[in-house]
Amino acid sequence: MPTDGRATILHADLDAFYASVEQRDDPSLRGKPVLVGGSVRRGVVASCSYEARTFGIKSAMPMAEAMRRCPHAIVVAHSMGRYADASRKFFAILGDFAPEVEGLSLDEAFLDLTGSERLLGDAVTIARTIKQRVRAELSLVASVGVAPIKLAAKIASDIDKPDGLRVVEPAGLLGFLHPLPTTRLWGVGEATREVLASMGLSTIGDVARYPEAALVARLGEASGRHLAALARGEDPRAVIPEHDPVSVGHQETFDDDVDDKGELAVILLDQADRVAHRLRDAQLRARAVVLIVKYDDFRQITRRTTLAAATSDGGVLARTAIELLAKVAIEPRKGGRVRLCGIAASGLEPRDAPRQLGFDEAARARGERLGDTIDKVAAKFGKGAIRRAVHVPDDDK
């Protein structure tokens, strides 16, 4: 890909990621409309297969609406462990092609190929090789876009999905961008689109030709200049290597509202074990615990506390979250039933980071060693092989 002094940016995106992993791992789901998400009654679609998309279903749509559009769709629960494993392998592949990889989520990333082309071939060759490796090693499909700027690379990876590959040469950048709708510009949501439409601007080219001062007058200094620059093909943002996670959490929306703190405590215990497993899997500990509660009137509150010492012990996380729950009001008659609760671990640090020893260090170590043992048993025999007694159904006890 010849350049005019600009960078060469590649954006890779796994198509229908969660749904594709489910179809890959369960042959009975292949070729069928699959919805990944939570409760059919009250959850949202986290991902859907392309077979489901033909019915107008898309991510973030209420699951109930998706089922109305496609009553025969198959709903499957999240399998975050398998998604995380596929993501790690995906990023390992990307890391073979560029020293700078910026992850946007589990299934998409930017790469700066500016220096890689001299060593690994031109951008088209690299893009095709990435797609081939993803298919061969992960049995998944990636769409890839290459362009001189981030904005165009991301659009290019999306425009020919699924299994797309689009390369935008520097000389053709404006020709690629200008016919596209304004909603393709970063920062243009429905409200901004309506403002631009009221000004007679429906395409990126319209924005580029419009006086910048007039855009600033209508949209404000920052937004007006930002959109004007993007419309001219000016996007100086560099690829920034992936940052460490800020928090690890798990939450769920209930089919029926809950007003019993004992029942919520049992749910939090399960959520804390899940979070602890993910911390250990990432070789992390957490210094703080956050409780998330959403009421039936959609009010949401959070409560946070700092731990005496960083941990990856699910028991410690659970006890802390339950202590926070004890201070939360649940008043069924005043819109105080709970429709969602969750737990997040924050203040993350590497598990091998040095820490000050305390009187309870032996107990802390036992809790984490128990967690390590549980992880090994689950890895060998499956996640259901070992559970806390409180989570075993009565007919299994």
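In this predicted model, Val144 stands opposite Leu165 in strand S8. The pairing to which these two residues belong joins strand S7 to S8 through three bridges, and the two strands run parallel. S7 and S8 are part of an open sheet of five strands, ordered S5-S6-S1-S7-S8, in which the pairing is mixed. Strand S5 (101-105) and strand S8 (165-167) form the edges of the sheet, each pairing on one side only. On average, neighbouring strands here are turned by 15 degrees against each other, direction ignored.

Asp163 is found in the loop between H7 and S8. Although Asp163 is not a glycine, its phi is positive, at about 60 degrees.

Another positive phi occurs at Ala16, a residue other than glycine, where the angle is near 45 degrees. Ala16 belongs to the loop between S1 and H1. Its relative accessible area is 7%, and Ala16 is therefore buried, the limit for that class being under 20%.

The largest nonpolar core has 33 residues, of which Leu10, Leu111 and Val134 touch the most other members. At least two residues of this core are supplied by each of strand S1 (9-14), helix H1 (17-25), S2, helix H4 (80-95), strand S6 (108-112), helix H6 (123-138) and strand S7 (142-147). The surroundings of Val134 can be listed: leaving out residues up to four places away in sequence, Val134 touches Leu14, Phe90, Ile93, Ser139, Leu140, Val141 and Ala142.

Strand S2 (residues 34-37) pairs with S3 in the antiparallel sense over three bridges, and within S3, Ser47 stands opposite Val36.

The axes of helix H9 (residues 190-198) and helix H11 (residues 212-219) come within 11 Å and cross at roughly 130 degrees. H9 and H11 are therefore oblique to each other, and H9 passes H11 in a right-handed crossing. On the H9 side the residues in contact are Thr192, Val195, Leu196 and Ser198, which meet Leu215, Arg218 and Leu219 in H11.

Strand S10 (residues 284-295) pairs with two other strands. It joins strand S12 (residues 338-350) in the antiparallel sense over 11 bridges, with Ile343 in S12 as the bridge partner of Leu291. Eight bridges connect S10 to strand S11 (residues 300-311), also antiparallel, and here Ala286 has Thr311 as its partner in S11. S10 and S11 form a hairpin with four residues between the strands, in which Phe298 takes a positive phi near 75 degrees. Because 10 of its 12 residues are buried, S10 is largely enclosed by the rest of the structure.

Val258 is found in strand S9 (residues 247-258) and is buried, with a relative accessible area of 4%. Val258 and Tyr295 are 37 residues apart in sequence, and their C-alpha atoms are 9.2 Å apart in space. Leaving aside neighbours within four places in sequence, Val258 is in contact with Glu263, Leu264, Arg337 and Val338.

Two further helices complete the description. The axes of helix H13 (residues 261-281) and helix H14 (residues 314-326) come within 8 Å and cross at roughly 145 degrees, and H13 passes H14 in a right-handed crossing. The residues of H13 that make the contact include Leu264, Leu268, Ala272 and Val275, and those of H14 include Leu317, Ala318, Ala321 and Leu325.

Definitions and conventions
Residues numbered from 1 in each chain as written. Predicted model: local features only at pLDDT ≥ 70, side-chain atom pairs only at ≥ 80, totals over all residues. Heavy atoms only, no water. Pairing = 2+ DSSP bridges. Core = buried A, V, L, I, M, F, W, Y, C linked by side-chain atoms within 4.5 Å. Buried < 20%, exposed > 50% of the residue type's maximum accessible area, 1.4 Å probe, protein only. Contact = heavy atoms within 4.5 Å. Axes fitted to C-alpha atoms, helices over the stretch in contact; angles between N-to-C directions. Parallel < 35°, antiparallel > 145°, perpendicular 65-115°, else oblique. Left-handed = near helix turned anticlockwise from the far one by under 90°.
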